[in-house]
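The entries below follow the order in which I went through them.

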Amino acid sequence: MIEFKDVTFVHPTGTTALDHVSLTIGDGEALAVVGENGAGKTTLIKHITGLLKPTSGAVLVDGEDSRERTTAELSKKVGVAFQNPDHQLFSENVEEEIAFALRNFGFGEELVKQRVDWAINFFGLEEYRRSSPLTLSGGEKKRLTIACILSWDPGVVVLDEPTVGQDVIQKEKLSEIIRMLKSAGKTVIVVSHDIEFLWPMQTRVVVMSRGRVIADGPAAELMLQRETLASARVSQPQLVALYQALKNRPPAPFVHVHDARNWIAGLVK
Amino acid sequence: MNWVAGGFIFRRTESVYHRLDPRVKLLLSILLFTLAIISRSILELLGIIAFVLVLSEIAKILRRVSRTMVFTMGFAAFIFVLNYLIGKNLLLSVLYAARFVAIVVTTSLFFITTSPDELEQVMNAFHLPRDIVFAFVTAVRFIPVMLMDALQIMDAQKSRGLEMQKGNLVRRVRNMVPVLIPLVVNSVIRSGELAEAMESRAYGAVARPTSLNLYRSSLVDRVVSVVAVVLFALAVYAFYFVFPTQLL
């Protein structure tokens, strides 16, 4: 479980990036954090791994205060895939790239080999096993960064802006990975302003604006609140906007395009 | 790291010093730099540092120059220890360390108060080849960008269990590899993208492009230049003829 207890973070420049944030994320929960640029989303997740320490308040990861743990210690529990894969890939080949963190965490060589093989197979990177990570395509690099994290099997997986620079097919693959992580019982936190990507996952949503959590609830309820979303410069998913525009509509918003198509086809008949 | 870099990178500030012609700011820094090189006494060097701090206060950058000094102290201490171990001369070792601090603060005064655009104008004034000027100014412009990259890369690698401050000196140097490789690769990619973007915006289409801003020295610039040269001459005279003592 991750708990933010009245967390405020002020940058050395004097800018308040988090302003009295209180939040509890349960084990196995899937959470989407949305908000405009500069809302404090990335600052929030950097607190979970101890990259940033709160100016006031406390962040507890499985009951442990982040101020009393190093990033390396917290990262064993919380794996973060940052936005830009080019900011972490450096090894000679894909195998070594995945093994890097495992060795940092002190895994034995036999276990390192097993985990590397598992990650490579699971993410379909077999043909690139001996290739330089720098030669992979954008989507493959993204998958590799997530493979690197899942290799040490953290309980919490954080994806920071996973859809940036990804085409539709890669986004589909990312959705599948997130669904798989949820079904494996991982706590999944997705930070994104790609609302169309997040909507079909139907997770709990936290809306941030100017360092504050301004709304927190299930996507199906929260995405109906157009004004709340607008105040955080977040647009509604198109399917929700369509749902609200209909006079004769079903009890719950459309989650997938085919739901809307079937409903409208029924109306036309 | 960001805190340290703040002591070296230009940030737009409204002050009398910032408004000076960049060529005058360069002249001031060169004169102070020269004094730091030719001075033979610790007191003289302390006087130069104090003068730079006064100029920094006028330029409203005293805190940032102080950061530069704090950052420099580590290297200065290294210079002091090395010289003391080799030469066994305490005062001479202090002199070398103080000279290093003076040199750094005089140069940082110029870079903190001069924008990359002004720097370009200064270099053009010396009729340096345009490509060299562009490459140098671009490199200066990209320092903050590379710094942000470095911080993000460090965050990403720390999140993969890298403990950069762990182990002996050799281990710590090796720990830098996962940061340096992505930093260099990103810089190379960025420079390629920049070159393409510049070419698509007609860079090099004319041999002598015109400039948006032309610098003309004002009366204040001329007065400051004359006063600076006179003070410099007086300081040199004082260093060699009025206080010809060694070290202290």
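Entry 1, chain B overall. Among contacts in chain B between residues at least 6 apart in sequence, what percentage join residues at least 24 apart? I found 78%, with two residues taken as in contact if their C-beta atoms, placed from the backbone, lie within 7 Å. Before going on I noted that this is a predicted model, in which local features need pLDDT of at least 70, side-chain atom pairs count only at pLDDT 80 or more, and totals for chains, interfaces and linings use all residues. Residues are numbered from 1 along each chain as its sequence is written, while chains are lettered from A and ligands numbered from 1 in the order in which they are written.

I then looked up the make-up of chain B and found 12 helices and 0 strands. Here helices (H or I, at least four residues) and strands (E, at least two) are DSSP runs, numbered from the N terminus. The C-alpha atoms of chain B fill a box of roughly 60 × 55 × 30 Å along the principal axes. Of the 248 residues in chain B, 28% are buried. I used this scale: buried means 20 or more other C-beta atoms within 10 Å of the residue's own, exposed means 12 or fewer, and partly exposed is in between, with C-beta atoms placed from the backbone.

How do helix 3 and helix 6 of chain B cross? I read that the axes of helix 3 (residues 22-38) and helix 6 (residues 90-113) of chain B come within 9 Å and cross at roughly 175 degrees. Axes are lines fitted to C-alpha atoms, for helices over the stretch in contact, and angles run from 0 to 180 degrees between N-to-C directions. The two helices of chain B are therefore roughly antiparallel, a label for angles over 145 degrees, with under 35 roughly parallel, 65 to 115 roughly perpendicular and the rest oblique. From helix 3 of chain B, the contact residues include Leu26(B), Leu32(B) and Phe33(B); from helix 6 of chain B, they include Ala102(B), Ile103(B) and Phe110(B). By class, I noted 8 nonpolar, 4 polar and 2 charged residues in this contact. Ala, Val, Leu, Ile, Met, Phe, Trp, Tyr, Cys and Pro count as nonpolar, Asp, Glu, Lys and Arg as charged, and the others, Gly among them, as polar.

The contact takes 21 residues from chain A and 17 residues from chain B. On the chain A side, helix 2 (71-75) and helix 3 (94-104) each supply at least two residues. The chain A side divides into 12 nonpolar, 7 polar and 2 charged residues.

Domain 1 of chain A puts 11 residues into the contact and domain 2 of chain A puts in 9. Strand 7 (residues 156-160) of chain A gives the largest share of the domain 1 side, 4 residues.

In what order do the 6 strands of the open sheet stand? I read 6-7-8-3-9-10, with mixed pairing; strands pair if DSSP finds at least two bridges between them. Strand 6 (78-81) and strand 10 of chain A stand at the edges with a single partner strand each, so one side of each has no neighbour in the sheet. Strand 9 (residues 204-209) and strand 10 (residues 212-218) of chain A run antiparallel over 6 bridges. In their hairpin, with 2 residues between the strands, Arg210(A) takes a positive phi near 50 degrees.

Leu31(A) has Ile189(A) as its bridge partner in strand 8 of chain A, and Val157(A) stands opposite Val188(A). Last, I noted that helix 6 (residues 168-183) of chain A lies across strand 3, strand 7 and strand 8 of chain A, at about 150 degrees to strand 8.
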